[in-house]
Amino acid sequence: MTAQSCNLRVMTGPGILHAALAPGDAASLRPFPEALRTDRDRLAAVLQAAALVAHLEHAGAHLPDGWSGARMGGDGVLRVPEVRPGPLRRLPQQLLLEFVARCFRTR
C-alpha cells in the first residue's frame, strides 16, 4: 500500500506519514472542537489524535503548540498545523487527555 493510495503525504520535518499532517483543503477546514457535532465525530477525532500522538512519540517529534492549531477537514480528518523534531513535551497520556477534554467539554 502506498502513501498515495491511502491519501496520505509524507511531510517535511520528522518524516512522519499521517493524514493529520497533510495540508488539506483550506476552505474545508473547520475550527476544532466546534466542528465536532456528535459524539461519533468526537470519538473519531479522539482515535485519530491517539494514533497521531503514538506516531509522534515513536518518531521523536512533538506538536509545538499542542492542539491549539488543530482543525477538522471536511472529510472528517483531524489536521494539525505543525510538527517539530524532539521529544513530546508532556506525557502522551496528558496530551491525549487534553484533547479528550477539549472534545467533550460542556458548552
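Let's start with the sheet of this predicted model: three strands form an open, antiparallel arrangement in the order β1-β3-β4. Its edges are β1 (30-31) and β4, each of which pairs on one side only. Strand β3 (residues 71-72) joins β4 through 2 bridges in the antiparallel sense, and M72 has L78 of β4 as its bridge partner.

The buried residues of α2 are P92, L95, F99, R102 and C103. Because these cover an arc of only 105 degrees around the axis, they lie on the same side of α2. They pack against α1 (39-59) and β4 (78-79). Turn to the other side of α2 and you will find Q93 and L97 exposed.

Now for the charged pairs. Side chains of opposite charge can pair when their charged atoms come close. The whole structure holds 4 salt bridges. One of them links D39 and R42, with 3.2 Å between the closest N and O atoms. These two residues are 3 apart in helix α1, so about one helical turn separates them. D39 counts as exposed at 54% relative accessibility, whereas R42 counts as buried at 9%.

Another salt bridge joins R79 to D75, at 3.4 Å between the closest N and O atoms. Here R79 is buried, at 11% relative accessibility, while D75 is partly exposed at 48%. E82 and R84 also meet in a salt bridge, 2.8 Å from N to O; E82 is partly exposed at 33%, and R84 is partly exposed at 38%.

Methods:
Residues are numbered from 1 along each chain as its sequence is written. This is a predicted model: local features need pLDDT of at least 70, side-chain atom pairs count only at pLDDT 80 or more; totals for chains, interfaces and linings use all residues. Side-chain values use heavy atoms; hydrogens and water are left out. Buried means under 20% relative accessible area, exposed over 50%, partly exposed in between (1.4 Å probe, protein chains only). Helices (H or I, at least four residues) and strands (E, at least two) are DSSP runs, numbered from the N terminus. The arc is that of the directions from the helix axis to the C-beta atoms. Contact means heavy atoms within 4.5 Å. Two strands pair if DSSP finds at least two bridges between them. A salt bridge is a side-chain nitrogen of Lys or Arg within 4 Å of a carboxyl oxygen of Asp or Glu.
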